[in-house]
Amino acid sequence: MSFCVWPWPPGLLFSLAVPTLQETIQLDETGLVQALQRGDEAVFSAVMDWYSGSLLRLAMAYVPSRAVAEEVVQETWMGVLEGIGRFEGRSSFKTWLFRILTNRAKTRGTRERRYEPFGLAGSDSEGDEGPSLEDSLFVAEGSGKGHWIDPPQGWEPDTPERALLSKECRMAIEEAINGLPDNQRQVITLRDVEGVSAEEVCNILTISETNQRVLLHRARTKVRRVLDPYVHGGKT
Amino acid sequence: MDRNFKQQLMAYMAGNFTCRETAELITDYLEGSLTLTQRLRFQMHMGLCFACRNYLRQIKYTVATLRKLPSEPVPAQVREELMKRFRNWKQEQSSQASSSDS
């Protein structure tokens, strides 16, 4: 209960406002879990709308087709319903949710013969060591050794908006992500596309912080290269 | 003379990192996982090298672009199916609860 009569500081006016369902999902995790345990349909529906897109995107990094990825998302939500009664809050709800997805997606991916665990598949660990940028980009010898041969150009501050306005560029980015080795794709999808924190990504994918950074760096380097001609060459 | 010395000193310190090394450390820098010495050298190099500054900015814009990618659309029938399953689950839950009560 609030006894504040005068709305000062001004922000208080907003803090007194009733939070929307989506704000509740993000802020009040205990309330969210309790509502799901009670079987609150409105909350389930809102949580599902909030996370399903992200889940689908991540599932696609494990299984070969979108249809299978959609099934994995369905299975994940069923897993949530089965497990929500036992959820103890040792990890955040989001981490827990994504963990359910990765476990189901791995099982499906193995069955569909695409996914192999970290470090085992040849294609997965390919290129995880050594520099992410080719030797040909840098001066090989002499006083300027290790410096750019063709220095990177400046991108305009409105690059993200301009890039995404062009359908062609958006498709190129999606293709670049799809073409990454699975483990790089999983990391960049969670970190950069979905905005999950580094710590949570390590928990979700059960990888070390160092490994997370290496994979993220390689993935970002590749996506940047794809983006470059669109934003720099004035193609957008 | 003094200025020349300062320039040489800066070039020496920044010279510890080439553009290539700096570019490879960008994610570590953005993630805040460089050691103090590495960070100082990184920043020193950035201060002197416009090409690496551009490259850092490009990586930042790449991340910002990825963050703004439209969300993957979930088909309406998947959503409906899930809501149906949710209602079934809820019914089972309540029938289980009532049978355990009686």
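**A helix pair in chain A**

Modeller: Chain A has twelve helices and zero strands (DSSP runs numbered from the N terminus: H or I of at least four residues for helices, E of at least two for strands). This is a predicted model, so local features need pLDDT of at least 70 and side-chain atom pairs count only at 80 or more, while totals for chains, interfaces and linings use all residues. Residues are numbered from 1 along each chain as its sequence is written, and chains are lettered from A and ligands numbered from 1 in the order written.

Of the 236 residues of chain A, 34% are buried (20 or more other C-beta atoms within 10 Å of a residue's own, C-beta atoms being placed from the backbone). As for contacts (such C-beta atoms within 7 Å), take those in chain A with a separation of 6 or more: 63% of them join residues 24 or more positions apart.

Now the pair I'd zoom in on: helix H5 (residues 66-83) and helix H6 (residues 93-111) of chain A. They pack at an angle of about 130°, their axes 9 Å apart (lines fitted to C-alpha atoms over the stretch in contact, with angles from 0 to 180 degrees between N-to-C directions).

Who touches whom? From H5(A) come Val68(A), Val72(A), Glu75(A), Thr76(A), Gly79(A) and Val80(A), and they meet Leu97(A), Ile100(A), Leu101(A), Arg104(A), Ala105(A) and Arg108(A) of H6(A). By class, that makes seven nonpolar, two polar and three charged residues (Ala, Val, Leu, Ile, Met, Phe, Trp, Tyr, Cys and Pro are nonpolar, Asp, Glu, Lys and Arg charged, the others, Gly among them, polar).

H5(A) itself has several buried residues, including Val72(A), Thr76(A) and Val80(A), each of which also sits in the contact with H6(A). Ala69(A), Glu70(A), Val73(A), Trp77(A) and Leu81(A) are buried in H5(A) too.

Technical notes: Buried ≥ 20, exposed ≤ 12 C-beta atoms within 10 Å, placed from the backbone. Contact = placed C-beta atoms within 7 Å.
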